[in-house]
There are 4 protein chains.
Amino acid sequence: MAEELLEMGQRLAEIGRRLDDRNWVLGTSGNFSVVVQRQPLRLAITPSGVSKGALSPNQCLEIDADLAVIQGTGKPSAEARLHLEIVTARGANAVLHTHSLWSTLLSDEHASREGLGIEGYEMLKGLAGVSSHQHREWIPILENDQDMARLSAVVRDTLTRHPASHAFLLRRHGMYTWGSTLAEAVRHVEIVEFLLEAVGRREQRGGVPWRS
Amino acid sequence: MAEELLEMGQRLAEIGRRLDDRNWVLGTSGNFSVVVQRQPLRLAITPSGVSKGALSPNQCLEIDADLAVIQGTGKPSAEARLHLEIVTARGANAVLHTHSLWSTLLSDEHASREGLGIEGYEMLKGLAGVSSHQHREWIPILENDQDMARLSAVVRDTLTRHPASHAFLLRRHGMYTWGSTLAEAVRHVEIVEFLLEAVGRREQRGGVPWRS
Amino acid sequence: MAEELLEMGQRLAEIGRRLDDRNWVLGTSGNFSVVVQRQPLRLAITPSGVSKGALSPNQCLEIDADLAVIQGTGKPSAEARLHLEIVTARGANAVLHTHSLWSTLLSDEHASREGLGIEGYEMLKGLAGVSSHQHREWIPILENDQDMARLSAVVRDTLTRHPASHAFLLRRHGMYTWGSTLAEAVRHVEIVEFLLEAVGRREQRGGVPWRS
Amino acid sequence: MAEELLEMGQRLAEIGRRLDDRNWVLGTSGNFSVVVQRQPLRLAITPSGVSKGALSPNQCLEIDADLAVIQGTGKPSAEARLHLEIVTARGANAVLHTHSLWSTLLSDEHASREGLGIEGYEMLKGLAGVSSHQHREWIPILENDQDMARLSAVVRDTLTRHPASHAFLLRRHGMYTWGSTLAEAVRHVEIVEFLLEAVGRREQRGGVPWRS
């Protein structure tokens with residue numbers, strides 16, 4: 001395996017331990033990817049069916065834009081198509097997908113409005129390009145679907161319709177976010193998870209999301 | 001002690017630390033087992049009265065189908081009979097029992113219906129053989145009982161009546177799940193614990209379990 | 001410092017890290033002790049004003065029944081008197097005091113009844129001498145008091161009036177439990193904390209403590 | 001870089017890991033500082049845009065009272081001005097700022113009263129100079145503001161009007177506390193976070209903060 005892929009695998013393994021410690025990738029849920037090169041597109045991605053808290057660097061796979069495995073052994077995540085959509089539509093270099101409790105709960109309760117607006121929190125400034133807590137972030141919610149070709153098309157459409165969104169939720173499933181670097185994508189996971197828990201606990205206390 | 005048993009003890013100790021970190025085996029609660037051989041049946045099992053987060057590999061015991069200790073010193077868990085029922089009825093090679101907060105709470109609140117139905121969550125796909133979030137998982141709830149012979153019979157009957165269930169709860173006590181491998185059983189613990197917390201928090205927010 | 005005291009300090013430091021990881025001794029709250037000898041009584045006890053998650057073995061003090069420091073430098077915990085009452089009244093060899101969120105909340109809400117009854121949970125079997133979930137544990141609640149001589153007398157009286165109790169709460173303050181060994185006392189902390197959270201979350205969901 | 005600054009960076013990195021483990025500085029939120037010298041004032045402070053759980057000692061910056069970087073490379077936290085106000089107004093030698101869930105929620109719900117009174121909890125004794133749970137702590141709440149010059153003036157005014165307060169909250173943003181030493185400031189973070197969660201959960205259970 002090329003040294004570059006091993007290095008990326010090492011970084012994905014570290015991220016896996018961090019997110020696993022927070023119970024955001026329980027079971028073998030979640031998947032992570034990072035762009036290896038753009039022309040032609042190559043993605044380093046976590047394999048299917050592996051605990052993200054116990055990833056070995058050499059379990060990382062390299063795939064192309066047609067989901068073919070270029071390097072490494074194993075099956076890429078079934079949701080690899082969604083990663084490809086995101087890196088193409090957003091120019092992102094890293095994509096992280098988690099299955100947290102709060103993204104599961106809120107993606108369900110706000111599904112009828114097809115999204116969740118969050119505004120007024122300082123933590124919003126952790127999202128790339130946001131410089132004030134007065135920013136309003138719209139987090140689209142998509143119906144879950146086992147048909148990845150169909151879901152990819154919905155993701156593509158959603159990213160087009162909401163060009164400023166930093167993340168989206170799949171209903172009763174989990175959260176996708178991305179970044180220009182892996183570090184930025186990790187930061188986005190933490191920011192969005194924090195905000196979802198804040199909104200969720202606020203609603204539970206009888207409040208409503210601020211101006212959402 | 002045979003090297004094989006030590007190796008299994010090592011793996012059970014690692015699992016113990018992981019589940020203990022999540023507060024699913026506080027005190028000396030919980031017990032874990034793995035099939036050493038089938039003919040005749042031999043089980044490696046954690047001893048009674050030990051903190052599962054501080055297991056030593058050599059504390060692991062080997063027992064036979066009559067609960068006799070074949071290797072190791074100490075008393076096998078009082079619930080060893082339930083482990084034997086499960087490995088026999090399900091052909092499982094590993095059984096994990098935890099005492100989490102959410103299994104304790106939900107096993108009580110749903111006791112009158114003798115079980116809890118969970119449907120519509122992506123995390124269900126972490127259960128062996130489940131390929132869609134539309135799967136409906138029925139988690140039977142059994143009354144707790146200190147008479148292990150009597151409880152074993154109830155477990156056996158429950159496993160027969162619910163052949164597709166991946167786990168069951170003992171009321172105000174905890175959760176049992178299993179797998180064809182230890183890794184699968186650990187995955188099932190994490191998936192079921194996640195789903196129980198999701199359902200429990202959803203109910204608390206005024207919702208009801210989806211189509212349950 | 002005598003090697004025996006250092007060894008006890010080492011064990012108290014390990015316990016401190018474990019309880020600190022669970023947020024049961026935040027700030028410099030909590031204190032731990034273990035009996036060094038009975039005739040005359042000598043207690044190894046944690047010093048005042050130290051984070052229990054960052055204890056050094058040599059910070060441990062040895063005190064006598066009059067609170068005089070026999071070995072080590074520093075001030076013993078202001079609550080050392082309560083430890084002495086407990087080891088005398090109960091014949092306990094170890095005493096642990098924690099400041100958890102749930103003990104703080106429940107000690108307040110149940111204060112008017114001067115205690116909290118817990119019954120019907122399997123986890124009760126983690127308390128020394130309890131062999132069935134049908135056991136009813138009464139956890140007395142005492143008003144908090146900065147006058148240690150006066151509070152000691154109340155503790156002594158409480159222990160006499162409730163000879164079967166394994167723990168007590170100080171109102172809006174925290175929990176005391178003990179054991180015949182340090183390991184038993186740690187187990188009691190985990191069991192009581194688990195039960196308090198279970199009761200607290202159950203009440204919050206609209207239920208009432210079972211037959212309490 | 002001077003050895004003294006590296007040592008301070010080392011201590012800030014340790015504190016960062018501790019607070020990050022508790023999810024109080026998710027993303028790249030939070031910032032920490034410690035006084036290097038008083039005449040003229042020099043502050044060691046964490047840089048902007050870095051995860052506080054992954055700080056390297058050499059990322060620490062030294063700034064003067066005009067926010068100029070004296071040692072180290074990088075941009076000081078945008079909120080460095082607030083740190084300078086606090087060390088000047090309070091004579092504090094260390095300032096810690098966190099973004100926790102409960103400070104975010106309570107700073108919002110109690111904003112109309114411009115603060116939150118907490119009384120009757122033993123944990124209050126972890127605040128410097130407090131010797132009884134009967135102490136009443138007033139935690140001022142300030143409107144969040146991206147204009148640091150303006151916010152600094154509000155902080156200065158708040159510290160003057162509430163000379164006994166050990167901390168303040170920025171609305172939907174987070175918490176500031178300080179201490180005569182770094183250890184004291186860390187203790188204050190833990191005490192205030194504990195108290196905020198206790199008050200928040202109590203309110204959620206239908207109670208009201210005691211005499212607040």
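Contact here means heavy atoms within 4.5 Å. The model is predicted: local features need pLDDT of at least 70, and side-chain atom pairs count only at pLDDT 80 or more, while totals for chains, interfaces and linings use all residues. Residues are numbered from 1 along each chain as its sequence is written.

Q: What makes chain A and chain C a pair without contact?
A: Their closest C-alpha atoms lie 12 Å apart, and no contact joins the two chains. No contact joins chain B and chain D either, with closest C-alpha atoms 12 Å apart.

Q: How many residues of chain D are in contact with chain A?
A: 27 residues of chain D are in contact with 22 residues of chain A. The buried area (accessible area, 1.4 Å probe, lost on putting two parts together, summed over both) is about 2100 Å², with 53% from carbon and sulfur atoms.

Q: Why is the pair D20(D) and R22(A) called a salt bridge?
A: The term requires a side-chain nitrogen of Lys or Arg within 4 Å of a carboxyl oxygen of Asp or Glu. The closest N and O atoms of D20(D) and R22(A) are 3.4 Å apart, so the pair qualifies. The rule finds 5 salt bridges across this interface of chain D and chain A.

Q: Why is α5(A) called largely enclosed?
A: Buried means under 20% relative accessible area (1.4 Å probe, protein chains only). Of the 23 residues of α5(A), 19 are buried, so the rest of the structure largely encloses this helix.

Q: How do you know that the span of helix α5 of chain A agrees with expectation?
A: The expected span is 1.5 Å times one less than the number of residues. For the 23 residues (182–204) this should give 33 Å, and the end C-alpha atoms are 33 Å apart, which agrees.

Technical notes
Chains lettered and ligands numbered in written order. Heavy atoms only, no water. Helix = DSSP H or I, 4+ residues; strand = E, 2+ residues; numbered from the N terminus. Buried < 20%, exposed > 50% of the residue type's maximum accessible area, 1.4 Å probe, protein only.
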